[in-house]
Amino acid sequence: MDDFLAARLQMAFSLGFHIVFACIGMVMPFFMSLAHFYWLKTKKKVYRDVTKAWSAGVAIFFATGAVSGTVLSFELGLLWPKFMEHAGPIFGMPFSLEGTAFFIEAIALGFYLYGWNRLNPWFHWATGVVVGISGLLSGILVVAANAWMNSPAGFDYIDGQYLNIDPVKAMFNDAWFSQALHMTVAAFVSTGFAVAGVHALMILKGKNVAFHSMAFRIAAIFATVFACLQPLSGDISAKDVAKRQPAKLAAMEAHFHTERNAPLIIGGIPDTARKTVDYAIRIPGLLSFMTTGDFNGEVKGLDSVPKADHPPVAVTHYAFQIMVGLGMAMVGLSLLYFLALWKKKLWLRSTWLLKLFVVATPMGFIALEAGWTVTEVGRQPWIIHGVMRTADAVTPMPGIAYSFYLFTAVYISLAVIVSLLLYRQITMVGKLYNSSSEVPKS
Amino acid sequence: MIYVVIVFLWTAILLYILLGGADFGAGIIELLTSDKNKERTRKTMYKAIGPIWEANHMWLIIAVVILFVGFPKIYTTVSIYLHIPLVGMLLGIIARGTAFVFRNYDAVEDDMQKVYTPIFVYSSLITPFFLGIIAASAVSGRIDPQANDFLSAYVFSWLNWFSVAVGIFTVSICAFLATIFIIGQTTEKEDRNHFIRKARRIIFIVMFCGALVFLAAYFEQIPLIHWIFGDIPGLIAIIAASISLVLMFFVLERDKPILLRLLAGFQVTMILFAATYSHFPDILLLKDGANLSLLTHQGQAKTIETLGYALLIGSIFILPALVYLIYIFQKKTNVETDH
């Protein structure tokens, strides 16, 4: 395998692995804190049990996310030293703040996990909330750094030199808000559906129904509310990308030619040689409207940038279709759930709604990975958009393919072990927390 | 501001060696403990280490971030030429961090524990070993950006007797820190005596490994003796460390766990001081003598300034929270043991 491709794949695998754990690690604490809040308020044991079960999940995911994050902070240099040599001092601000947020998260988690019956109950609860908030902040800060690669700011690039560095401007680059918003909402959606789906499955199996119903309700409300917000943030992102990175938007849409009244292309197989998309559904004018607010607005196609600067069209286009398709499916399910909550209480007791949630378990995370594929592959061939090419940033060390095989093997084994642990945590609920049989006191 | 950043970098490295090192040591001791004491050692250890476990490893992230933001050339040179030992260290970090949590959070106690535990103890050994190799390679002057072939650019940059000896020395330091730490955590006299005996043995092992480092430096023609004893502050640091080591033998017998830990921490601090002082501000010695210095290879002024403020503000949040975390769980553990 070519070293450059190996480096890209290793980075993609590492990020793709880390992002799942990072998301769960930053969202689950909120679920956990809500359950914990109900426990402190109502003293119903089932809430305490749900809290404890989820905190075990948080511990597993946080630890895995922390080590994979540590690895990433080294991989940036191991794989892309020339990028880091110039980018480090410019986009380092969010990383140095993220270090603090992450540290606080680790400290708060220490208080939380070991604080049962040792700390003042409300102080203990607050440390759980701090875990969530600092996790969320870490996520936002890291995304701000990524946004800088899409929307470089805070320096002047003159004759190959990076001058007049302003780390604060770099952090608040044009893309940070739309990316951070989209990602934060995505984290809630994907974690929410994953957690809700698992508990829905256990309810269907008839195991510890009281426990799993409680857990399902909390996770489902987060999942569905955020799923309905996501198209709004997606719209902000798309308009932003259209303005800043027309080539990326063109690749997402497989939109080859600059035109007015541009159609929205759904599905299809892009053919870069003939510059057409076969078997696609086209909705006239919709792309123009979505990106410019005017059905006759001009949308730049791939022909607006030199061929050498085209991102891979097929991968970006497919990934984008997958993300949007799954996103819409989740919105649909969310609307059904709201309808059930407000008007059709009977649906809540039926199995088909739960079955739909089981089907939706991986949807959020698949959409999330697809979305990151759009962002990262769509930025190619640039590592810093318009400034430095990815191929120029890669390490001079040969043999990266072996490193790629090694890390892939490690990540796959970790994924297998974590799945086993979760399976055990979930199937052992009855033994670990036998509250379902207890009658809540007064 | 640059000095603020350098102090943070040095402190983060020191704290990682002290706190992370004691953590690694816990795994190493588990490896060295006979089967009949294993379970007890483990329990004593993790009751205390559990709550601060994750936080201990954050210092490494802080140090790395300071390096790549403030001193990008140094970070990237290390990343390129010490790629292989860095990967070794990372594999250790992954294996160790996950195995520790997995074995505590596996809902079923079965043969999987036999998988987690060896992973945990062996990765506790290899991580500080590679850390030591990386640290030694930074100053052994074998990194050669002009090298043309794979071996001399990416392997002999770190593979030499001196680096290996420092790797072993680092492992022994971790075991030393953990043993001293655990003495204060023991609740029964028998346990305490067991670990005091162990501590004595480990102190000799550390001194032996230290001697190995000097020997290896001599073979590899690295002027270590000159670096350590060549200037007054380094010399004072080493003398202070030696005195405190002698003191330690007296304190070991008495029930003064805090004093014991302070002495151990002091010794390691002095060793790190002596090892870094003579090169300062150089941090990476290259083969062609074009050394990388914290002062001449720092980022632009604005970067260093914001980094400094970010660190200062960060420490306002981190330090009190961390101290309170350690305080409260130490207190609670002690209260529990009184009953």
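1. Chain B has a secondary structure of 14 helices and two strands. Helices (H or I, at least four residues) and strands (E, at least two) are DSSP runs, numbered from the N terminus. Its radius of gyration is 20 Å, close to the 20 Å given by the globule rule for 339 residues, so chain B is as compact as a globular protein of that length. That radius is taken over C-alpha atoms, and the rule is 2.2 Å times the number of residues to the power 0.38.

2. This is a predicted model, in which local features need pLDDT of at least 70 and side-chain atom pairs count only at pLDDT 80 or more, while totals for chains, interfaces and linings use all residues. Residues are numbered from 1 along each chain as its sequence is written, and chains are lettered from A and ligands numbered from 1 in the order in which they are written.

3. The C-alpha trace of chain B spans about 60 × 40 × 40 Å along its principal axes. Of the 339 residues in chain B, 50% are buried (20 or more other C-beta atoms within 10 Å of the residue's own, with C-beta atoms placed from the backbone). Among contacts in chain B with a separation of 6 or more, 77% join residues 24 or more positions apart; two residues are in contact if their C-beta atoms, placed from the backbone, lie within 7 Å.

4. Chains A and B each put 52 residues into their contact. On the side of chain A, the elements giving two or more residues are H2, H3, helix H5 (167-171) and helix H15 (400-427). H3(A) gives the most, with 21 residues. By class, this side has 35 nonpolar, 13 polar and four charged residues. Ala, Val, Leu, Ile, Met, Phe, Trp, Tyr, Cys and Pro count as nonpolar, Asp, Glu, Lys and Arg as charged, and the others, Gly among them, as polar.

5. Across the two chains, the axes of H2(A) (residues 45-79) and H4(B) (residues 58-70) come within 10 Å and cross at roughly 25°. The two helices are therefore roughly parallel (angles under 35 degrees). Thr70(A), Ser73(A), Phe74(A) and Gly77(A) meet H4(B) residues including Val64(B) and Phe68(B).

6. Within chain A, the axes of H2(A) and H3(A) (residues 81-114) come within 11 Å and cross at roughly 160°. That makes H2(A) roughly antiparallel to H3(A) (angles over 145 degrees). Among the residues that meet are Phe62(A) and Leu76(A) in H2(A), and Met84(A) and Tyr112(A) in H3(A). Their contact divides into eight nonpolar, two polar and no charged residues.

Definitions and conventions:
Axes fitted to C-alpha atoms, helices over the stretch in contact; angles between N-to-C directions. Parallel < 35°, antiparallel > 145°, perpendicular 65-115°, else oblique. Buried ≥ 20, exposed ≤ 12 C-beta atoms within 10 Å, placed from the backbone.
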